[in-house]
Each structure stands twice: as C-alpha cells, then as structure tokens.
Amino acid sequence: MERGIYLDNNSTTPLDPRVFDAMLPYFMTKFGNPSNTVHDYGVEAALAIERARAQVALLIGADEKDILFTSGATESNNLAILGAARANRRRGNHIITTLIEHKAVLNPCKQLEREGFTVTYLPVDKTGCIHPDAICGAINERTVLVSVMAANNEIGTLQPVREIGRICAERDILFHSDAVQILGKHSIDVEELGVDLLSVSGHKMYGPKGVGALHVRSRRPAVQLEPIVYGGGQERGLRSGTVAVPLVVGLGVAAEVAGKLLETEPARLRELRDRLLGQITSELPSAMVHGHATQGLPGLLNIGFPGIDGDALIHCLRGIAVSQGSSCSAGSFEPSHVLRALGVSDDLARASIRLGVGRFNTADEIDHASRLIAEAVTMLTG
Ligand SMILES: *Cc1c(COP(=O)(O)O)cnc(C)c1O
C-alpha cells in the first residue's frame, strides 16, 4: 500500500525508535506489577515508573510528585475538568473555557452543564487568540476553573497562558491547560506559567498511543481533585488501575528526547513549514492561511483554497496524508468548530487542509508535497 507522504503529525506521530527500544523489555522480561513491591519484579517496574515521572516532570518544569499517569490526554482533560469542578463545587459552579478547545475539553464541560455547572465558552479573534481581558471579564464570584489550551491542534495558535495563569492565581481560581500540542515545540514551565493542571499525551510527541499524564499541583495551591476512576488507589488515589508500565516508560523517554531536541527541532520545523507555505502560495496566491502569523506552532500550516470543492480536494491529494478542515463524525463531514470560531465560512473550511510537519519529514518530502498540492488545486480550479 502506498500511503503517501505523512504530513499529519498534529494528529499523531510515529514512535521514535529510541522510545521503542526503551519500551521493549517492559513488554517481555520486566513485566512486574509496580504496585506490588514485595519482590524485585515489582520493584523494577516501580523504579521504571518513577524514572518516567521524573522525565515528564523535567519537560514541564514540574515537581515529579505532581505527575499522574493516565491513558492519554482525553483522560487527563476529563480528570482535570470533571475532577476539579466536582471537588470545588462548594466554592462555586462556574467554569471558563474557549470555543476552540479540543473535544476532550469541550465535552467534559458539556457534562458539567448537565450536572448544574455554568460554562462560559469564550470566542476568539480571527487568528484564534483569546485576549486575557476576556478571561477577566468572564470571571465571577462563582468561577472555580479556567481551561485554556496552550496551542490549538488545528490552527496552531498559541494562547497567552502566562497572563491567564497570573489572572487565575490572583483570584484563587484553578487553571488547567491542555498542552498536548506545544510539548517539544516550546519550552514549558508550569511554575513560570502559573498552570495548576496540565495535560500531556504520548502519541503527539513520538511516544506510544494510550498513555498520557496530568500535572496536578500539590503546593501553592494544593489542587483538590475528585477521581473519575475508583479502584486500588494507584497514582495518589486519583487514577486507580495498574499503571501501563511499557507505555509509561515510552512516555518518559519521549519526553526526555523532546526536551533534548528543543534547541534545534522547533527551528527546523518552522523552516520546513515556511518552505511549504512559500512554495504553495507562489503557485496559488489566493490561498488563505488560518491561524496567527507569528504566534503559532512551528510545523503546523492550516491553509484554505477559496472556491475549491473540499471533498474533491481531499480525493485528489492521495499522495499526501493530511487532515481536512472538517472532521468526519458519524459519517458526515462537519466543518471544523475551530475554523467556524474564526469566522471562516463552511465552504472555505471544507476546502482547507491542515499540514503537520514532524520530526521525520525531510525537505524533499516538503517539495514533493507542495507540488502535489499545487497540481491538485490548479486542476480543480479548472
Ligand atoms: C490529540 C489531542 C488530545 C487527545 O489526546 P489523546 O492522548 O489522543 O487522548 C487532546 N487535546 C489535544 C489538543 C490534542 O491534540
């Protein structure tokens, strides 16, 4: 099967070979249960988890005690939002988030509305940015939690996380940030940013699927969380269930490698993304870029082609693996809620693609991909 050039690295990333090598022994010989440390099998597994905890903590400037392992960022977001809201119910029932969050944030918020919470979904400007003043304006005396992503997965826009963190800290409001997309692209420090709860995913940073982490601040302030899974009390009682040792080992090494590459990789990704953009727009000057011109993720390019039929475009782009500006849910193509929030028309959203350059893409692939895109759009223009 010829699957084409992989340019969908914001959907998922291939495993880094260093991650794979580190995981292998934990599938086979080092199979102990980390919760049972009366023998050396368990001790070996428990030590591996603690090493991974330190590796993830280092990537985000956290205290290793404050890292919990989960099944992925969907669970991390659910635990952060449902857990913090329910545990702080006595203090208030109002939550603030944005219209362009991932569904793994929006849908737990919808669930909280069914439980009697009020949620404010803040709009964004045309670049996808939320203004810190909008957060101040939405806060009331019942606000207990603010959840704003660090970088958007569809358009790459970076949010003013530090300012939002300061606003929340001054008012004793918990601040959660979905940082899935930004890790390995920018240095992140939960202390500097004033983030209390921060979500991490393995498979968006060259680690395995099915594993993630949640940073839960235990000091200044100690975040109260109600678990969403009950059982043996693993992970400080906040996430029961035997920890997925091989996956967690992989997440740890993925975090370590991402941290080491921070000095070189973002600049390389930005260069390849700009090369792609330059080549596409020189052939197709009417193309429109969605997102922020400077405050964006390196490597991500969301671009639309006015007047082009989106379904035909995706059909013609078989030689490259990209995402469309709409997602297929239950068989029908819904224009992206993110592009809608930017004010992009449904037709243009359908005729938009998200290109995600990643660690293993080469300049040759970029050149080839931009040729394929230019050819497809030119052909469809007729
Ligand atoms: C992929 C993604 C998630 C979900 O992560 P999983 O580990 O796949 O559950 C959440 N938020 C953002 C921004 C994402 O890109």
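**Salt bridges and the domain interface**

Reply: Asp367 and Arg275 form a salt bridge through their side chains, 2.7 Å from N to O. A salt bridge here is a side-chain nitrogen of Lys or Arg within 4 Å of a carboxyl oxygen of Asp or Glu. This is a predicted model, so local features need pLDDT of at least 70 and side-chain atom pairs count only at pLDDT 80 or more, while totals for chains, interfaces and linings use all residues. Residues are numbered from 1 along each chain as its sequence is written, and side-chain values use heavy atoms, with hydrogens and water left out.

Me: Where do Asp367 and Arg275 sit in the chain?

Reply: Asp367 is in helix H13 (residues 363-381) and Arg275 in helix H9, 92 residues apart. Helices (H or I, at least four residues) and strands (E, at least two) are DSSP runs, numbered from the N terminus.

Me: Is Asp367 buried or exposed?

Reply: Asp367 is buried, at 17% relative accessible area. Arg275 is partly exposed at 37%. Buried means under 20% relative accessible area, exposed over 50%, and partly exposed in between (1.4 Å probe, protein chains only).

Me: How many salt bridges in the whole structure?

Reply: The search finds 20. One of them joins Glu115 and Arg86, at 2.7 Å from N to O. Glu115 is in the loop between helix H4 (103-114) and strand S4 (118-122) and Arg86 is in helix H3 (residues 73-87), so this pair ties together parts 29 residues apart in sequence. Glu115 counts as partly exposed because its relative accessibility is 27%, and Arg86 is partly exposed too, at 24%.

Me: What does Arg162 pair with?

Reply: Arg162 forms a salt bridge with Glu192, with the closest N and O atoms 3.4 Å apart. Arg162 belongs to helix H6 and Glu192 to helix H7 (residues 190-193), 30 residues apart. Glu192 is exposed at 52%, whereas Arg162 is partly exposed at 43%.

Me: Which residues are linked in a network of salt bridges?

Reply: Asp16, Arg18 and Arg359 are linked in one.

Me: Switching topic. What are the domains?

Reply: Domain 1 is 5-13 + 263-381 and domain 2 is 17-260. The bounds come from an automatic or database domain assignment. Their centres, taken over C-alpha atoms, are 28 Å apart.

Me: How much area do domain 1 and domain 2 bury between them?

Reply: About 2500 Å², 55% of it on carbon and sulfur atoms. Buried area is the accessible area (1.4 Å probe) that two parts lose on being put together, summed over both. Thr13, Leu297 and Arg359 supply 25% of the area that domain 1 buries against domain 2, more than any other three residues.

Me: And how many salt bridges across that interface?

Reply: The rule finds 0 between domain 1 and domain 2. For polar contacts there are 12 residue pairs, both residues at pLDDT 80 or more. A polar contact is a pair of N or O atoms within 3.5 Å; within protein, one must be able to donate a hydrogen and the other to accept it, and residues adjacent in sequence count only if both atoms are side-chain atoms.

Me: Which helix gives the most to the domain 1 side?

Reply: H11 does, with 4 residues on the side that touches domain 2.

Me: Last one. What is Asn153 in contact with?

Reply: Leaving aside neighbours within four places in sequence, Asn153 contacts Asn10, His102, Gln181, Leu300 and Arg354. Contact means heavy atoms within 4.5 Å. Asn153 is in the loop between strand S5 (143-147) and helix H6 (161-170), and counts as buried at 12% relative accessibility.
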